Structure formats: C-alpha cells, structure tokens
Amino acid sequence: MAETWVLGATGRAGRGVARELLALGADVVLVSRDGHALDALADDLAAAGRVRTLVADDLAAATGLIAEEAPSVVVNTVGPFVRTSSLVARACVTAGSHYLDLANELTAVGDVLALDPLARTAGVTVVTGAGFGVLATEALVLDLREGEEAAERARVVAMPAVEALGTAVLHSLIDALGDGGRRYLGGRLVRTRLGVDVERVALPDGRTVTAIGVPTGDVEAARRASGAGDVIAYTSEIPGGPVFRTFLPVLSAALAARPVRVGLHRVVERLRLAPPVRSGTASWAYARLEWPGGARKEAWLSTGEGYLFTARVVAHLATCLDAGDGRAGAYTPGALFGVELARRAGAEIIRTTHIGGIQ
C-alpha cells in the first residue's frame, strides 16, 4: 500500500500536514518519538481517514524504519533542518522513496539540492523548502520572469502571519543568524554584515513592516528562478528595530561558534521554546525583478495563515509525487511544479507596479 509518512507528526507543522493529506485521501503514517502524543493525534484524526503510527526514538531510528518499509513519500517536519534534511533525504533516496521537507535555512536547502545526481540515478524526487518559506517568493519570481530573459537583480520579501509558532522555526532562525549575512552579488554568494540589508515594506493592506536581509532558502530559489546575479532575500520574522539590528552582528558572531549554537538548539528542544507570533489576517510575499536597461516588474502574493498554506503545499506535492507526477532529481517546489502549486494551496498573485513595495 502506498503511504505518506509524516516525520515529527505531533508538532504544529506535522499535525497540519497530516490533516491536509487526509483531506486529499492519502494513507498517512504518523511518525514521532512521543508515543502518547501519537496515540492522541491518531484518535483525533481517525475520522478523517486511514492513519497508523510509528514510534521512532530518534532520527536514526526513523531513517532505519524508512529503509525497512520504503514508503512512497516521506515528509520531514523535524528541525533543525540543517541537521535533519540531508540525513533523511539520503535515506529516502537509498530506499527509493520520494522526499519533502519544510526547510528554509540556506545551508539545509543547498545540501538537499546537492543530492540531485543521486536522486536522478535512484529515480526519486527530492523537494526542499516545501512551504511558505521558499515557495511564496519563488512563485512570484517565476511569474514575473515568465517569457523574459534572465533578470539582473532580484529582491524578495517573505512576511508570514501565523497563529502560533513551533520550535522548528526558532531552530531555523538560530541557524540563519549563526550563518551571518549572505547575498548573491555578481553571481557569487558573498558574506555581508547581518542587519545591513534592511527595508521598509509598504503592504497593499496599508501596513508597513520592516524586513531584514537573512540567508534563507528564498535567496537560492530566487537566484535560480530569476537567473539574476544580484539577489537579496528579506524576512519579517526577525525583529527589525534599530536597537535589535545594532546587536545583530554580535549575536551572529556568538551563534557562529558551534558549541554555542548546539547548546542553544538543545535548550530550545528541551524547553519547547518558540519565537513570538507574527500575527495578522494575511501572509504576504513580495518580489521585484530588474533587467538591464531599467525594465522592472514587481508582484505580491497573498494567502492566509502561514502554517495552513505550508500544509496545503506539502499535501498537494505529496499526492502528486505518490501519483507519479514528479520528476527524478532534487528541486525547490516551484522549480518542480511551477506557480500553479502556490495557487492550488490558496495563494493569490497580484502583478502590480502601483501598490506598496520596498520603500
């Protein structure tokens, strides 16, 4: 029987993904290290469709189960993705299973994309950044570039709104801050001082948010989709106030030390910490492409709560892969299924040159 496994099923993202998969008729296997929480979740979801549970005490146990049972699709919602994505993806490639994750750390996204030759040889599809992080801005860039030559510059901004945040987001932010500033310049990924790239963004709904340039997976996806050599990705998930920005380089330098970063990850996991909620009625993404000679295009993506959009993206991806609609190799979600994937998950794309944007 073809099954879709959800690793970290009892977490906030995992629960949402499982619900959306069941709504699409998938046979779902819930995988977590917490047996009691798994049983409770299975009872809650039983009326929605076919579910079973597997307890895996750690990631090594989970990859062992993948090797034994070779599921059709594996969805990885377990952070920090810098430590989990490549390991689980490699296990899936070896087992002949398709793989999806919710990573948005630049390093994690790059590690998974580097598995492209192995995935092609194995005949499986590997997808990283399957959520609001990566797809929201990637879909905009793909839409703006359609029918055009490679752009010269690309600027993308992710501004999610969520009801609550899980620990995986905080793990991702810790790794992003520890990696320091990054941007593409002249086609090369170069270091920048974290907090230097900052913009005020006027949203179509009248609000203004501050976004900081952070090396998320969005910057790599935007580079690939736009063909531009000059690319910056901004996010509103990190506080953008002047006082916080002043201390960002110091914080980044401290987190660059591996013992400090690993220790903080352990504290987050032990205490189940999560960052403050970025609330609102809608999640937004913005992209602007510029070409030699001064031509410019910009667009907005609007959707609802960020976790719900992510869960719908993953569910649509997983069902397509289970049906054999993917292609062998490693991809970001938009590179595999295009702009329509974002629309199927509930997003609206607004092409405009008149409303809001980077000020």
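First, the ground rules. The model is predicted, so local features need pLDDT of at least 70 and side-chain atom pairs count only at pLDDT 80 or more, while totals for chains, interfaces and linings use all residues. Residues are numbered from 1 along each chain as its sequence is written, and side-chain values use heavy atoms, with hydrogens and water left out.

Seven strands make an open sheet with parallel pairing, and their order is S3-S2-S1-S4-S5-S6-S15. Strand S3 (51-55) and strand S15 (329-331) are at the edges; each has a single partner strand, so one side of each lacks a neighbour in the sheet. From one strand to the next, the twist averages 15 degrees. Two strands pair if DSSP finds at least two bridges between them.

Within this sheet, take strand S2, residues 28-32. Is it buried or exposed? Five of its five residues are buried, where buried means under 20% relative accessible area, exposed means over 50%, and partly exposed is in between, with a 1.4 Å probe and protein chains only. Val28, Leu30 and Ser32 point one way from S2, Val29 and Val31 point the other way, and all are buried. S2 runs parallel to S1, joined by four bridges, and Trp5 stands opposite Val29 in S2.

Further along, strand S4 (residues 73-76) and strand S5 (residues 98-101) also pair in the parallel sense, over four bridges. There Val75 stands opposite Leu100 in S5. Touching, or contact, means heavy atoms within 4.5 Å. Axes are lines fitted to C-alpha atoms, for helices over the stretch in contact, and angles run from 0 to 180 degrees between N-to-C directions.

Angles under 35 degrees count as roughly parallel, over 145 as roughly antiparallel, 65 to 115 as roughly perpendicular and the rest as oblique.

Helix H3 (residues 59-69) and helix H4 (residues 81-95) have axes that come within 9 Å and cross at roughly 15 degrees. H3 is therefore roughly parallel to H4. The residues in contact are Leu59, Thr63, Ile66 and Ala67 on H3, and Arg83, Thr84, Leu87, Val88, Ala91, Cys92 and Ala95 on H4. By class, that contact has eight nonpolar, two polar and one charged. The nonpolar class is Ala, Val, Leu, Ile, Met, Phe, Trp, Tyr, Cys and Pro; Asp, Glu, Lys and Arg are charged; the others, Gly among them, are polar.

Helix H1 (residues 12-23) and helix H2 (residues 35-45) come within 11 Å, axis to axis, and cross at roughly 30 degrees. That again makes H1 roughly parallel to H2. Arg15, Ala18, Arg19 and Leu22 of H1 meet Leu41, Asp44 and Leu45 of H2. This contact has four nonpolar, no polar and three charged residues.

H5 comes back in the next pair. H5 and helix H9 (residues 217-226) pack at about 50 degrees, with their axes 7 Å apart, which makes H5 oblique to H9. On H5, the contact uses Leu106, Val109 and Leu113; on H9, Gly217, Val219, Glu220 and Arg224.

Next, strand S14, residues 296-303. Six of its eight residues are buried, so S14 is largely enclosed by the rest of the structure. Strand S13 (residues 283-290) pairs with S14 in the antiparallel sense over eight bridges, and Arg288 stands opposite Glu298. The two strands form a hairpin with five residues between them, and Gly293 in the turn has a positive phi of about 100 degrees. S14 also runs antiparallel to strand S16 (residues 348-351), joined by four bridges; here Ala299 stands opposite Arg351.

Ala136 is buried, with a relative accessible area of 0%. What does Ala136 contact, leaving aside its neighbours within four places in sequence? The contacts are Gly131, Ala285 and Leu301.
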